[in-house]
Amino acid sequence: MNKKIISLIIGSLTTISLLAGCAPSSKQTTQSTAQSTQNTIQNQTNNSASSSNNELSKAFNDELDGFTTIEQDVKKNDFTDAQKLADQLHETFHMAIVPPLTDKKGKDYAESIHGKYDELQDAVKSKDTAKIAELIKVNRDNLDTVANVLGVSIKK
């Protein structure tokens, strides 16, 4: 990351110095330096977007794995671990997925999806196995839809 910043600064300074007349003036040199700076900025943006997309993909897949674990915990009547995991999944969803979803589809849409996590937590807390199963399915379907909306690849 530091190398990228340094190359961006050097490219910017070179461009500025050429425009200020501190170097041999050449329209072609100025254009190629400006293009180089622009390419550096674009590469940083692309790398950042790719990294962000990978993190988002991981969050989605962790959520899906967590639903499977909750199902297993419920089958073993281990509602304590199921509740802890439901709380963690809710927090991860809220921190990693809600912000980009809100940006893309708006607050009302994101909150309607988010509300199903609240319902799942309540169902686990009340040990309502039928409702837990129903809400895990709803949340899985919602994650699939949201992943498509955000252009994130998830495992099926």
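Predicted model: local features only at pLDDT ≥ 70, side-chain atom pairs only at ≥ 80, totals over all residues.
Okay, one definition before anything else: I call a residue buried under 20% relative accessible area, exposed over 50%, and partly exposed in between, with a 1.4 Å probe and protein chains only. By that rule Asn142 is buried, because its relative accessible area is 17%.

Residues are numbered from 1 along each chain as its sequence is written, and side-chain values use heavy atoms, with hydrogens and water left out.

So what's the fold? The chain has 5 helices and 0 strands, with helices being DSSP runs of H or I, at least four residues, strands being runs of E, at least two, and both numbered from the N terminus. Of its 156 residues, 33% count as buried.

Back to Asn142, which is in helix α5, residues 129-150. Contact, for me, is heavy atoms within 4.5 Å. Setting aside residues up to four places away in sequence, Asn142 touches Ile113 and Lys116.

On to the core. A nonpolar core is a set of buried Ala, Val, Leu, Ile, Met, Phe, Trp, Tyr and Cys residues joined through side-chain atoms within 4.5 Å. The largest one has 31 residues, and among the members touching the most others are Phe60, Phe67, Ile97 and Leu143. Two or more residues each come from α2 (27-75), α3 (79-105), α4 (107-125) and α5, and α3 gives the most, with 9 residues. Take Ile97: beyond its neighbours within four places in sequence, its contacts include Leu56, Phe60, Leu143 and Leu150.

Which rings pair up? There are 2 aromatic pairs in the structure. Rings of Phe, Tyr and Trp (its six-membered ring) pair if their centres lie within 6.5 Å; planes under 30 degrees apart are stacked, over 60 edge-to-face, and the rest tilted. Phe67 and Tyr117 make a tilted pair, 5.8 Å centre to centre with 45° between the planes. Then Phe93 and Tyr117 are stacked, 4.2 Å centre to centre and 20° between the planes. Put together, ring pairs link Phe67, Phe93 and Tyr117 into a cluster.
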